[in-house]
Amino acid sequence: MRAPPAHDENSDTSFVTDSQFVHAFGSPLPDDEPTDLILAAALVAFGENGYADTTIADIARRAGMSTSTVLRYFPSKDDIFREVVRSTLLGSLSTRDDASVQAQEPSAADAVRALARRYWTTMERPEMAAIVRLIIGELPRFPELAVFHATEALERFVRTLERIIHGGIARGELRPVDVRAAARTILATLAAHALWFAYPGIYAGLTGADRERAVFTTIETLVQTLGPVPPATPGDS
């Protein structure tokens, strides 16, 4: 599924809107893309109204097709919702190459900095913010989607952090720490700040009005918790 446009960081909403949908997908789409069109329309509808208040007729209307056409591709609203979540998460993962961060950055600390910014950039995409919120809200109805999010998205990110931290320890850049706990703590901090940054009208009291300063200080605080080993200076024994 083709991704909607990037999130406007000055906006207080993280849901995909109709205007973003039209801009991203154009009108009309080729006839061989009805599934993409249905899923894109469903993402908008679920994001705006939630699962319970969205109907297949709503999705069909946004997709510009009949309800019967939608049902030819997806037999139920549950099936549409599951595929929206699955395809959006997989699409997000396919646009990231977290493994390359470690190789590109000169140090473990710099790799953590790069990965933190990449995570926030990903989470600020409006479709990702909407999907995560929907997963949390619909956890009792679709527990398998929460598990999918945890294993395919969060666990992958934690493993990347573990590789970075472990490599930094092995090279003497970082002090020995519990690698799993450190990675988990970093991810939890980034996830909380992703929410705060997405809603500055609500959380500016926590982050401050200067977004970039909040980003910088948060990342540097995380790096310092890893205990970077200062480089040796001439005369050190």
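An axis here is a line fitted to the C-alpha atoms of a helix over the stretch in contact, and angles between axes run from 0 to 180 degrees between N-to-C directions. Keep in mind for every view below that this is a predicted model.

**View 1. Helix 7 crosses helix 10.** The two axes come within 10 Å and cross at roughly 40°, which makes helix 7 oblique to helix 10. The crossing of helix 7 and helix 10 is right-handed. From helix 7, look for Ala116, Tyr119, Trp120 and Met123; from helix 10, the partners are Leu187, Leu190, Ala191, His193, Ala194 and Phe197. Sorted by class, this contact has 9 nonpolar residues and 1 polar one, with no charged residues.

**View 2. Helix 10 packs with helix 12.** Helix 12 covers residues 211–225, and its axis is 11 Å from that of helix 10, at an angle of about 170°. That puts helix 10 roughly antiparallel to helix 12, because angles over 145 degrees count that way. On the helix 10 side you'll find Ile186, Thr189, Leu190, His193 and Phe197, meeting Arg211, Ala214, Val215, Thr218 and Leu222 of helix 12.

**View 3. Helix 10 meets helix 11.** Helix 11 spans residues 200–207, and the axes of helix 10 and helix 11 are 6 Å apart, at an angle of about 125°. So helix 10 is oblique to helix 11. Leu195, Trp196, Phe197 and Ala198 of helix 10 make the contact with Pro200, Tyr203, Leu206 and Thr207 of helix 11. By class, that comes to 7 nonpolar residues and 1 polar, and no charged ones.

**View 4. The largest pocket has a lining of 14 residues.** This pocket holds about 370 Å³ of space. Which residues lie nearest its centre? They are Met123, Val132, Ile136, Ala191 and Leu195. Four helices each supply at least two residues of the lining: helix 7 (108–123), helix 8 (126–137), helix 9 (143–170) and helix 10 (179–198). The lining divides into 11 nonpolar, 2 polar and 1 charged residues.

Definitions and conventions: Residues numbered from 1 in each chain as written. Predicted model: local features only at pLDDT ≥ 70, side-chain atom pairs only at ≥ 80, totals over all residues. Heavy atoms only, no water. 1 Å grid on protein atoms, 1.4 Å probe; cavity = no way out; pocket = protein on both sides within 12 Å on 5 of 7 lines; lining within 4 Å. Points joined across faces, edges and corners; volume = space filled by probe spheres on them. Nonpolar A, V, L, I, M, F, W, Y, C, P; charged D, E, K, R; others polar. Parallel < 35°, antiparallel > 145°, perpendicular 65-115°, else oblique. Contact = heavy atoms within 4.5 Å. Left-handed = near helix turned anticlockwise from the far one by under 90°.
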